[in-house]
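Trainee: Please take a close look at the aromatic rings in this model. How many aromatic pairs does the count come to over all chains?

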Amino acid sequence: MSETTTGRTPVRQSSGKTALPALRVALLILALVTFLAADDRNPFANNPKAAKAGESEFRINCALCHGLGAHGGGRGPDLTRAQKKHVHSDAEMFQVISNGIPGTVMPANGTNGQGVGMTDEEIWQIITYIRSVEVKAPAHAIGNAAHGKELFYGDANCSLCHMVEGKGGRVGPELTGVGGSRTQEAIIDSVRNPSRRLAWGLTESTKEFPQEYETITVITAEGKQIKGIALNEDNFSVQMMDSSENIYLLEKDKLRSFKKSRESLMPIYKPDVLSDKDLDDVVAYLISVGAK
Amino acid sequence: MTGRPNNRALERASESLYRGGRGDLPRRARKIFFTGFLACTLLVSTGDAQVTFERLLNSSKEPQNWLTYSGDYSGRRFSPLDQINITNARTLTAKWVYQTGATGKLETTPLVVDGILYATAQDDRAFALDARTGRPVWMYQHQVPADIRPCCGHVNRGLAILGDKVFLGTLDAHVIALDTKTGNVVWDVVAAEYQKGYSFTVAPLAVKNLVVIGVSGGEYGVRGFVDAYDASTGARKWRFYTVPGPGEPGHETWEGASWKIGGAPAWNTGTYDAVTNQIFWPTGNPSPSNRGAGRAGDNLFSNTLLALNADTGKMNWYFQFTKHDEHDWDATQVPVIIDSGNKHLIAQANRNGFFYVLDRATGKLISANAYGKITWSDSKDAEGRPVAKKEASPTLEGHTVCPGALGTTNFMAPAFSPQTSLFYATARDQCDIFSTAPQPYEAGHAYYGSAYFPSEEAEPYRGFLKAIDPATGGIKWTFEHTSPTWSGVLSTAGGLVFTGDAEGNFIALDAASGKSLWHFQMGGAVYAAPMAFAVDGKEYVAIAAGSAVYAFGLP
C-alpha cells in the first residue's frame, strides 16, 4: 500500500432511465430481482481457476487476520472450519465480506488497511477459495466442556482474571467470544506462552484486543509501587489496573519511575500445573461458549 | 439570510449535499457560500492582494502567511515566527477548533494568506476560515463519484494558491481552480481516467504561472506522471511521464510491456529552486508494488527524485533511491532544499530507511545513512548508494524484512530548521513478512502482487521523532512516541518543533534537545502536519487531528 493504511468501501449503484413511471417501476423491480438473484449465487462455485485467483486475493485482503491458508490467525477465526459462527450460505459470506461484522474486528471490504477494496467478482473468488479449503467434518471440541468450566471457575484459577458471560475477573481479556474467533491451537498457545502474543506487532488500528495488556510498573511521587496492566497510554499519561482491579489514572511526569514490559502478568501454565487433558477441557468450554 | 452563518446553516448545507445519495447528484461540483459573512464580521483586510509568484518566492518576507504546502519552496516547513518560543510554549492554549464534519483521515496542511485559512478535508472538500476564529467563509464540496477506490482513504493533503485562486487535486483525477473569495469553480480539468485507478491526493505546487501536480495510483498499475497546468486557464502546459515510453531514456529498464502499467506515482508535494529553475519531485513504487517478476530492470523513474525544468517539464537529472523496488517503498517524501555554506543540497528521509543528501545542481549522491531499523541492505555501490540484498526479495512463503511495508517514514512531512541545522523526521521501526501473491493486471483493479504481515518474531512497533544532522547523517536526538505516529513536523524560529501523536496529542519540543515542553490532547489521531501563521500580530500554530482543524496560541 502506498500512501497510508485505510480505504473505503465502494458503493454499488444501479440506474435506469425511462419516461413511463409504471415501466420504470417494473424495470426497477426486475432490476432488483435480478440484482438480488445475482448476489445469491456464487458465479464461480466449485471453479478451481476462480479458487486459485481467490487464494491470491485472500492473501492480500484476509490473511493478515485469518492466516495463510485460512487456518486462522491471532485475531481471525479458522475459516477452514465448515461450521462458521456468522455465515452459512455463500450469499451470507458475500454480505459479511462486503459489510463486515458489527461489534467484531471484521471490517467492511476495503477498510482494513490491507488491500483497496475488492470487486464483487473478487469477493466471489475468495468465497470459492474458502469453500475449496474447508474441512468438511464439523468442528467439535476436543475435551470435556463441563469439566473445563469447573476448572475455569475452580482449580485452574482462570476466572480470577478472566470474565466469561459476565462472571469472573477484570484484569485479563474477556473471553466469552474467544472460542469462536480463535483456533484451538491459538488458545492453547496463549495459555502455555502468555507473553508471546503480546509481542505480536499488529497495525495500530486493528490490535488483537483493544488493549495489549502490557505490564506496567510505576513508583508514584509518594514512593508507592503499583504493578498492573495498561488500559491505555499516550506519551504523557497512563490508565492502568492493578491485580486487585483498582484503576489508576496517572500523569507520567509526576511519577518517580515508569516501566513497561511485554511480559504478561498471566502466569505461565506449564503441563505440570495444567495437564494437556485439562487444558483441552478448558478449551472445549471456551469453544462451547464462543461458538454459540 | 441573516448577517452571519451559524452551525445549523452549515449542517443544513452539508446535508443537502448528501441527500438522496452521492450517486444521484450530478457530477457537477457544489459549493456553499456564506453571504454577508465577509461584510459583517471580518475586519481583517483580505484586500485584493493577489498571491503573486514573487510573493511565493519571497515568502520569508511575510512570515505571518503560510503560502505553500511546506510553507515555502524549500520544503523546510520552517516558520520564521518566534513569538511562541521555548520560554513561553508551556502556556500555549487552544484558540479555536473547526470540525470539518467529514469522516476518515484528515491529512491536510492549511494555507494562510492575510488572515484567511484555506484547507481541505476528506472527500475533496475545500474550505476557507477566518484564521483568528475558525469561522467559515466558504466551503466547496467536489462531487466525488461513488465508484472510486483510492488505495488509502478518501484523503487530501491540501491546496496551492496563486493569484486569486486556490488549486485542488481530486480523487477522481480532476484539477480544479477555486476562487479564493467564494470557493466558486473557475476551471475544472480532467487529468486522467479515475476508472483506471488514477487519482490525486497531493497538495499541488504553484510555480510561476503553473500548477504542478503529481498523480496517485501505484496500487492500480497506472503510468505515473507529473503535470503542469496554466493557472489562469487550466490548459495543460507539460506532462512528465515517470515511466518512460518507447525510445525515451530509461525505457530499457522495464521488461516487455510492463512499463505501460509501471506505476511510479508522484503523490507528494515537491519543492522548487528558483536559481536553477528546477522543480524537485519525488516518485513512488513501481507496480505491482511487491512483486518484481514481470518487470525485470531498475524500473526508472520509480522511487526517484526528479529534477525537472519548471518551464518545460524536461528532466535535468534524476536519482533513484530504491531500484526495482519490491517492498512498496515509495520515495515520495518531501525533498528538502538545504544550503550549507557554498553547498547547495537537497535531502530526503526516505521510506526505505536511509537519509540521503544530494547535490541539487547535479543529483550526485553525497551521503546515505540509515536513520531507522533496516535489514534490506548491507552494502553500498561505488556511488555510495545502498544496494539491496538478494534475500530481501519477497517470496511465496514470505520472510521478514525491515523496514516493513509502511516504511521507516511515509507521507509525514519532515522539517528542517536553519537555526539548529537539524532535519526532523517522523520514523517508525517495524518489520513485516513480505509474501508474493501473483495477481493478473486488470484495469482499475488493485494490483499489489503481494501481501505483508506483521512478523510474529518481530519486536513491537516503535515510533519516533528523530533529529538528523544532514552534515553527518547522525541522529542528534530521538523522541520516542508511545506508538508510531503519522504526524508531520513543523520547526519554528522560536526554537521549537511541533508534532502530533497517534493518541491525539499535539506536542511542542525544544528543537535543540528534543525535550517535550507542552502538549494538548486533541482527541483524535494525527495524520497531518502542523503549520504556523500570524494574524493581528499574534502567532498561531495549527494542525488537523481527528476530523477537525485546531489552532493554538499564547493566552
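Mentor: Rings of Phe, Tyr and Trp (the six-membered ring of Trp) pair if their centres lie within 6.5 Å; planes under 30 degrees apart count as stacked, over 60 as edge-to-face and the rest as tilted. By this rule there are 34 aromatic pairs over all chains. The model is predicted, so local features need pLDDT of at least 70 and side-chain atom pairs count only at pLDDT 80 or more, while totals for chains, interfaces and linings use all residues. Residues are numbered from 1 along each chain as its sequence is written, chains are lettered from A and ligands numbered from 1 in the order in which they are written, and side-chain values use heavy atoms, with hydrogens and water left out.

Take a pair in chain A. Tyr153(A) and Tyr285(A) are edge-to-face, with 6.3 Å from centre to centre and 70 degrees between the planes. Tyr153(A) belongs to helix H6 (residues 145-153) of chain A and Tyr285(A) to helix H9 (residues 276-290) of chain A, so the pair ties together parts that are 132 residues apart in sequence. Such helices (H or I, at least four residues) and strands (E, at least two) are DSSP runs, numbered from the N terminus. Buried means under 20% relative accessible area, exposed over 50%, partly exposed in between (1.4 Å probe, protein chains only). Tyr153(A) is partly exposed because its relative accessibility is 27%. Tyr285(A), at 4%, is buried.

Now a pair in chain B. Phe167(B) and Trp187(B) have ring centres 5.9 Å apart and planes at 35 degrees, so this pair is tilted. Phe167(B) sits in strand E9 (residues 165-169) of chain B and Trp187(B) in strand E11 (residues 185-190) of chain B; the pair links distant parts of the chain, 20 residues apart. Phe167(B) has 0% relative accessibility and is therefore buried. Trp187(B) is also buried, at 6%.

Rings can also gather in a group. Phe319(B), Phe321(B), Trp329(B), Phe354(B), Tyr356(B) and Trp376(B) make up one aromatic cluster.

Chain B has strands of another kind of interest. Its strands E12-E13-E14-E15, in that order, form an open sheet of 4 strands with antiparallel pairing; two strands pair if DSSP finds at least two bridges between them. Strand E12 (205-207) and strand E15 (236-241) of chain B each have a single partner strand and stand at the edges, so one side of each has no neighbour in the sheet. E15(B) pairs with strand E14 (residues 225-230) of chain B over 5 bridges, in the antiparallel sense. Opposite Arg239(B) in E15(B) stands Asp227(B).
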